[in-house]
Amino acid sequence: MSLNATPRGQRLHIALFGRRNAGKSSLINAITNQEVAIVSGIPGTTTDPVAKAMELLPLGPVMIIDTAGLDDTGELGALRVQKTLEVLNKTDLALLVVDPGRGIGEYERDVVNRAREQKVPVLGVINKIDLYPEAVNRPWQQELDVPFVAVSALTRRGINELKMAVVKAAPRDWSLPTIVGDLIEPGDLVVLVIPIDKAAPRGRLILPQQQVIRDVLENDAVAVMVKERELKHALASMAVKPKLVVTDASAYLKAVADTPPDVLFTSFSILFARYKGDLPTLVAGARAVKDLKPGDKILIAEACTHHPIQDDIGRVKIPRWLRQAVGGELVFDVASGGSTLPENLRDYKLIVHCGACMLNRREMLYRIMQAQEAGVPIVNYGVLMAHIHGVLKRALSPFPQALAVLEEEQVEFEDELALLSRYREHR
């Protein structure tokens, strides 16, 4: 099952509520950058709830629900309003769209109160600021005690800010439906390359490894775990080729050299870049490496406050590799823990983020969007390490959408076949 075929029940349900002609349908078109909802100046164009399943970047698979106006009139209108309010029963996040020309009244208060009773988060959206620019300064949040974002569905002003607010307001347990399940079928063999070194916790596996194993089993496939030096022997002894090989990023070169070219190959970090965040954006962030110059500032962003080891990936290895790539000194700052990234993001030329195993998807997406808002490229450890070692294209083989980013961005990568040939010669 691909993420495009994600069942309705596994999608984030975002429903829009508001009076007739508040601009709900226009807002859906602006958010999705598609003409998915019928727009008309005639009040009551949307008569019944309309649900549209889609991929909404960078949020992933969502269900957008357009509803009839809360102020619909007449006997038929009352039935439409009833249907609209019933949508709250299947809503994960409610967007309350307000027309500044009419302000907030009993309709808006009623929806907010009902949503609170059902524990549905509400995000207010002030639309039509192209017509009412003064509306931006009105204290809307105080009137309903919900956060508000000001936008123009017509001019697209404020749409990026709205997406960031959606990520921030989404339920904390919201995530993609699967880590690896859409890449495999029942009965497939998945080989996981797990180095046991001084960075590995004694007596247990790290959380991403545990989660991938669980996801393989839940999708009725077979998980085989090996250390990097046993991979070649394990593959040779198998009667059936594996569907997928997943490696720890620290073993990229050994694992990719021993994996047959017709077997899908990736890393735990890249799987979680997709599961917890926005893989195409992180892949595009690798482009910034070739633009770095000596003296540039780099932010190493860690989700947790772990005790650094002697040869720490984020604080020692990645800085060393980047200095070698640039041919000079760089300035590195480290931000550990915290719910968001530092405010001075514009000071940096690149943000290198950890694998985010201690963050939920909402938190990681918000960090990515913070970086985008500041105009700073962001990449994670696994994507950057694959790029530095010349194997990123190979590690993205299961993900056509992310591979397309390489072509669009024209990222300059070292010739991978030559690199692998040199590696094999020195083994």
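**Aromatic pairs and helix packing in a predicted model**

The structure holds two aromatic pairs. Rings of Phe, Tyr and Trp (its six-membered ring) count as paired if their centres lie within 6.5 Å, with planes under 30 degrees apart called stacked, over 60 edge-to-face and the rest tilted.

Residues are numbered from 1 along each chain as its sequence is written, and side-chain values use heavy atoms, with hydrogens and water left out.

Tryptophan 140 and phenylalanine 148 are both buried, a term that means under 20% relative accessible area, as against exposed at over 50% and partly exposed in between (1.4 Å probe, protein chains only). Arginine 138 lies over the face of tryptophan 140, at 4.1 Å from the ring centre; a charge sits over a ring if NZ of Lys or CZ of Arg is within 6 Å of the ring centre and within 35 degrees of the ring normal.

The second pair belongs to helix α9 (residues 268–276), where phenylalanine 272 and tyrosine 275 are three residues apart and thus separated by about one helical turn. Helices (H or I, at least four residues) and strands (E, at least two) are DSSP runs, numbered from the N terminus. Phenylalanine 272 is buried, with a relative accessible area of 2%, and tyrosine 275 also counts as buried, at 13%.

Helix α9 in turn meets helix α6 (residues 207–218): their axes come within 10 Å and cross at roughly 75°. Axes are lines fitted to C-alpha atoms, for helices over the stretch in contact, and angles run from 0 to 180 degrees between N-to-C directions. The two helices, α6 and α9, are therefore roughly perpendicular to each other, the term for angles of 65 to 115 degrees, whereas those under 35 count as roughly parallel, over 145 as roughly antiparallel and the rest as oblique. Pro208, Gln209, Gln211 and Val212 in α6 are in contact with Phe268, Leu271 and Phe272 in α9, contact meaning heavy atoms within 4.5 Å.

A further helix, α1 (residues 24–32), is largely enclosed by the rest of the structure, because eight of its nine residues are buried. Its buried residues pack against several elements, including β1 (12–18), β2 (50–56) and α5 (159–169). The axes of α1 and α5 come within 10 Å and cross at roughly 90°, so α1 and α5 are roughly perpendicular to each other. Here Leu27, Ala30 and Ile31 in α1 meet Ile159, Leu162 and Lys163 in α5.

Finally, some residues have a positive phi. Aspartate 145, in the loop between α4 (140–144) and β6 (148–150), has a positive phi of about 55° although it is not a glycine, and is exposed, with a relative accessible area of 60%. Aspartate 220, in the loop between α6 and β8 (222–226), has a positive phi near 60° and counts as exposed at 55% relative accessibility.

Terms used: This is a predicted model: local features need pLDDT of at least 70, side-chain atom pairs count only at pLDDT 80 or more; totals for chains, interfaces and linings use all residues.
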